[in-house]
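User: I'd like to learn how to read a few features of a protein model. Could you walk me through them, general idea before the particular case?

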Amino acid sequence: MSDSRVLIVGAGMAGLTAARRLQAQGIDSVVVDKGRVVGGRIASRRAGEARFDHGAQHFSARSAEFAAAVETWAQQGLVREWFRSASITDPKRGVEPRYVGTDGMRRIIERLADGLDVRTSVAIDRLEAAGGGVGAVAGDDVVANAAVAILTPPVPQTRHLLEASGIRCPDDVRVMLEEVEYSACLAVMAQLDGPSGLTDGHQSLSEGPVAWIADNHQKGVSASPAVTVHSTPEFAAAHLDADPERWAPLLSEAAGLHLESEIIEATTHRWRYAQPLNTFDVGAIGFHASFPVVLAGEVFSGARVEGAYTSGVAAASAALGFL
């Protein structure tokens, strides 16, 4: 093929892990993402002196390969252990360390992006066959040409891109993608007038609209008192398309019952594809349309940060098989 580069759509954990793996094999990639910054749901945001992790709050490491990566990040001062708890999804695993980015979760992704060709604020409208490979089209412009395309967005966005590109998946893959559903999450990032009072800096709730509260100050992320409030999936489903002025006060009031200080300012964020409700233990899926395509992301390897990493590793391997 005329261009041995790999096009990667999505600059989250899966996409950038794939790019790093390819780079280690001497293969260049171009990573494009419609967001203003890298990270996807591994997200951090500033508001004055406050800093929030407002997407993924922490992660565990179960596989030997991911544990080795986390150990390297810890040695680099990029991550640290926050607390230990039993797995909710697999209690038989017992108590596990939960890790966080030392300067915010997104810093992990920013480190992965260092030295790569990463282009943000680029929304790919379609993919098209070009020179024996693939061209990524945004508006009227071909923004990148490559030999293989790796797609890592949430499945509904991937399906939309495939359809817009006229790409027909193998029947078994199409059925898999059609079965994927997600729960949503609504987030409130609240600055406080004093300490939160949350034991160990976090609290999981079993009743009401709030699922989780995290203290970014105790976590070591924020210089000033600031908490992230995540809604339950049920609350998000009921208010996802409503004006934040309707649902933010409800979450803030419910969270306030568990805080020692008052909320003085708050911003919001919608996570429409917060959690896949069904996942596949396949790593990544590659097939040949009019050019090679690899599908990847957490849904293909478990709904966790580790799953996204593992899928990125598998995606790089699948892409190499096409080169």
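User: Which residue stands opposite V188?

Analyst: Strands of a sheet pair through backbone hydrogen bonds, either parallel or antiparallel. In this predicted model, V188 stands opposite T268 in β16. Strands here are DSSP runs of E, at least two residues, and helices are runs of H or I, at least four residues, numbered from the N terminus. β12 and β16 run antiparallel and are joined by 10 bridges; two strands pair if DSSP finds at least two bridges between them.

Before we go on, residues are numbered from 1 along each chain as its sequence is written, and side-chain values use heavy atoms, leaving out hydrogens and water. As this is a predicted model, local features need pLDDT of at least 70 and side-chain atom pairs count only at pLDDT 80 or more, while totals for chains, interfaces and linings use all residues.

User: In what order do the five strands of the open sheet come?

Analyst: The order is β13-β14-β15-β12-β16, with antiparallel pairing. β13 and β16 (263-276) are the edge strands, each pairing on one side only.

User: Which residues of α3 are buried, and why do they sit on the same side of the helix?

Analyst: An α-helix has 3.6 residues a turn, so residues three or four places apart point the same way. In α3 (residues 106-113), the buried residues are R106, I108, I109, L112 and A113. They are on the same side of α3 because they cover an arc of only 155 degrees around the axis, taken from the directions from the helix axis to the C-beta atoms. Buried means under 20% relative accessible area, exposed over 50%, and partly exposed in between, with a 1.4 Å probe and protein chains only.

User: What do the buried residues of α3 pack against?

Analyst: Their partners include α1 (13-24), α2 (64-75) and β5 (79-86), where contact means heavy atoms within 4.5 Å.

User: How should I read phi, and where is S121?

Analyst: Most residues other than glycine have a negative phi, and most peptide bonds are trans. S121 is not a glycine, yet has a positive phi of about 60 degrees; S121 is in the loop between β7 and β8 (126-130). D200, another residue that is not glycine, has a positive phi near 65 degrees and lies in the loop between β12 (182-192) and β13 (202-204).

User: Is D200 buried or exposed?

Analyst: D200 is exposed, with a relative accessible area of 54%. Just after α3, G115 also takes a positive phi, about 80 degrees.
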